[in-house]
Amino acid sequence: MSKVFRVPLAPARGGATTAPRAPHPATTGPPRCGIVAGCLSPHPPHLIYAENPPQNEPRSTGGWETLRWAYERLRARIREVHKPDVLIVHAPHWITMVGHHVNCVPNPRGISVEPIFPHLFRYRYDFRSDVELGEAIAEEASGLGLVTRTMRDPRVRVDYATIGALHLANPAWDIPVVSLSANNNPYFYSDASLEEMEVLGEATRRAVEATGRRAVLLASNSLSHLHWHEEPELPEDMEREHPYNNHQYRWDMKLLEAIRRGPTAPLRELIPEHIEATASETKAGSLTWMLAAMGWPKVAGDVLGYGTIIGTGNAVVEWLPEGSRHG
Ligand SMILES: [Fe+2]
């Protein structure tokens, strides 16, 4: 790991960096606080394009239904079972070259455009941030030695990976958000590990617990990531949609079989192997951050659906904390 992105621990802080805060008012209803679920929630713009929400300008005739139906089931669980008072998303296309940034703009508003597929995704967003929790995550991460900043400039356009995962998980946008950037370090240093994401996950968990939040985590990553370079005339022409090749597909299945089997600890080794084999987008660290925040629980993940989008592999997966299960 490149040491330029770590700062020495401040000895006086001793690890437990944030004092307990008053419980968030929204948590006084449901009995349990903390991280109540973690979700692998990929963000390809095609899924939102296919759903024709009013916020997105382009219109479609549908497509990629298997993944969209998986997201429908995930939404129902978030709304009816988890009832979080915050969604925390880590997304690979809010890239920060130095360190980790936390969006602390209270009400981000604007248009998010996918730069490669602007004909599919021009999305008007308007949502609320949980600034107190965002500040707490930044504080905890700094205390654990990560270079971390709060981002407070309302002119910064929110990237499509953040918007995509959040829309697909909660199209009503009625749950506050904390949005984390992806440090670009792993893409520049071939020997970079995902170790920093373990630390960011730990900081996230500490901040959630210290603020008394009930949080659902979203890891906005696709799996295998080789993709076509030519698009069909009708982007949602499903006759043209299939895995990039069998190698990519088999590796996605290897990872998903391990996820379905549980526990999560073996994924610590398998995720880097999968990245090496498939150029997986999990290289940005979102999945590792999320599982680390949950303490690498001894549970199986529930794979709600898998499908390809322009050849890339995408899965919607839900993990529950140890000791909890759907009723
Ligand atoms: Fe992406």
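Author: A donor is an N, O or S atom within 2.8 Å of the metal, and the structure discussed here is a predicted model.

Reader: Which residues are the protein donors of the iron ion, and how are they spaced in sequence?

Author: The protein donors lie 2.1 Å from the iron ion, and they are His-43 through NE2, His-93 through NE2 and Glu-281 through OE. Written along the sequence, the spacing of these donor residues is H-x49-H-x187-E.

Reader: Where do His-43 and His-93 lie, and how many residues apart in sequence are the parts that the pair ties together?

Author: His-43 sits in the loop between β1 (34-40) and α1 (45-51), whereas His-93 belongs to strand β2 (residues 86-96). The pair therefore ties together parts of the sequence whose separation is 50 residues.

Reader: Is His-43 buried or exposed?

Author: The relative accessible area of His-43 is 3%. Buried means under 20%, so His-43 counts as buried.

Reader: Which parts of the chain does the pair of Phe-127 and Trp-173 link, and how many residues apart are they?

Author: Phe-127 is in the loop between β5 (122-126) and α3 (131-143), while Trp-173 is in the loop between α4 (160-169) and β7 (177-183). The pair thus links distant parts of the chain, and the two residues are separated by 46 residues.

Key. Residues numbered from 1 in each chain as written. Predicted model: local features only at pLDDT ≥ 70, side-chain atom pairs only at ≥ 80, totals over all residues. Heavy atoms only, no water. Helix = DSSP H or I, 4+ residues; strand = E, 2+ residues; numbered from the N terminus. Donors = N, O, S within 2.8 Å, 3.2 Å for Na, K, Ca; no water. Buried < 20%, exposed > 50% of the residue type's maximum accessible area, 1.4 Å probe, protein only.
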